[in-house]
Amino acid sequence: ANDNVIRVLLIDDFQLLRHGLAALIDKEPGMCVVAEADHVEDALMTLNRVHAEIVVIHLKTGGLSGLEMTQRMLRAHPALRVIVMIPLSLGVQPSRMLRAGAAAYVTPCITEQEMLWTLHLVDSGQRCISPRIASHFERQPALEQRSSPFDQLSERELQIALMLVDHQKVNKISEHLCISRKTVYSYRYRIFAKLNLNSDVELTILAVKHGLSDAFSAASVTR
């Protein structure tokens with residue numbers, strides 16, 4: 001393969017959107033899609049056998065939050081550059097995403113030319129937030145400055161808190177993280193104690209309030 005080619009991996013459980021993006025990238029000179037995946041677990045296995053410089057992740061993929069997905073990808077492959085695609089309606093704070101290591105932050109309604117431009121920018125080592133998202137958050141500067149109670153959690157506690165917010169069962173969490181169910185319950189107890197909470201429902205409400213979850217999106221769509 002040509003060393004000058006930008007190799008891209010797409011992660012999106014919406015096949016139609018993923019195939020459309022793949023067709024766009026494959027038409028661009030000096031760029032190619034080396035693999036596609038439905039969710040992060042697939043992508044991590046794929047990256048063990050396929051080299052990619054850039055990963056494009058749709059935030060809704062696989063039920064995990066964008067923060068957690070980005071951190072997991074970069075823990076496993078630190079050299080990756082991650083572009084996170086997220087609807088404005090989900091309300092996740094861009095600064096949290098960029099602190100988690102995302103190179104760029106765009107909405108799914110980005111134009112084809114903007115998407116290609118973002119890929120080139122990220123490939124050259126730059127980080128960016130699409131203008132639509134930047135202007136949205138300029139109107140809410142206080143939101144970014146406010147400290148979050150989740151900042152007091154350890155990385156593992158935050159990881160488990162996000163999985164609980166995503167309605168993952170204790171069995172699945174223990175299996176996924178290779179720890180016992182008892183250990184998961186211990187973490188859950190510590191998370192509730194630190195955040196002064198009594199239930200998973202209260203945890204979800206707090207996560208939504210501080211932009212760590214898109215759990216409200218289904219309710220807002222069906223309302």
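# Tour of the pocket, the sheet and the loops

The largest pocket has a volume of about 290 Å³. A pocket here is an open set of points on a 1 Å grid over the protein atoms alone, where a 1.4 Å probe fits, with protein on both sides within 12 Å along at least five of seven lines; lining residues have an atom within 4 Å of a point. Grid points are joined across faces, edges and corners, and the volume is the space filled by probe spheres set on them.

This is a predicted model, in which local features need pLDDT of at least 70 and side-chain atom pairs count only at pLDDT 80 or more, while totals for chains, interfaces and linings use all residues. Residues are numbered from 1 along each chain as its sequence is written, and side-chain values use heavy atoms, with hydrogens and water left out.

**Stop 1: the pocket lining.** Select Leu-17, Gly-20, Leu-21, Met-85 and Pro-108, which lie nearest the centre of the largest pocket among its 18 lining residues. Then colour strand E1 (6–11), helix H1 (15–27), strand E3 (54–58) and helix H5 (112–123), each of which supplies at least two residues of the lining. Helices (H or I, at least four residues) and strands (E, at least two) are DSSP runs, numbered from the N terminus. H1 gives the largest share, six residues. By type the lining divides into twelve nonpolar, three polar and three charged residues. Nonpolar covers Ala, Val, Leu, Ile, Met, Phe, Trp, Tyr, Cys and Pro; charged covers Asp, Glu, Lys and Arg; the others, Gly among them, are polar.

**Stop 2: the sheet.** Show the strands: six of them form an open sheet in the order E2-E1-E3-E4-E5-E6, with parallel pairing. At the edges are strand E2 (31–37) and strand E6 (128–129), each pairing on one side only. Two strands pair if DSSP finds at least two bridges between them.

Next select strand E4 (residues 81–85), joined by three bridges to strand E5 (residues 104–106), which runs parallel to E4. Met-85, already selected as one of the residues nearest the pocket centre, has Val-106 in E5 as its bridge partner. Ile-83 is bridged to Ala-104, also in E5. E3 and E4 pair in the parallel sense over five bridges, and Ile-57 stands opposite Val-84 in E4. Four of the five residues of E4 are buried; buried means under 20% relative accessible area, exposed over 50% and partly exposed in between (1.4 Å probe, protein chains only).

**Stop 3: helix H2.** Select residues 40–47. In this helix Val-40, Ala-43, Leu-44, Thr-46 and Leu-47 are buried. They lie on the same side of H2 because they cover an arc of only 160° around the axis, the arc being that of the directions from the helix axis to the C-beta atoms.

**Stop 4: two loop residues.** Select Cys-178, in the loop between helix H9 (170–177) and helix H10 (181–195). Its phi is near 60°, a positive value in a residue other than glycine, and at 71% relative accessibility Cys-178 is exposed. Move on to Asn-196, in the loop between H10 and helix H11 (200–209). Asn-196 also has a positive phi, near 60°, and is exposed, with a relative accessible area of 68%.

**Stop 5: cysteines.** Finish with Cys-32, partly exposed at 25% relative accessible area, and Cys-109, partly exposed at 46%. The model has zero disulfides, a disulfide being a pair of cysteine sulfur atoms within 2.5 Å.
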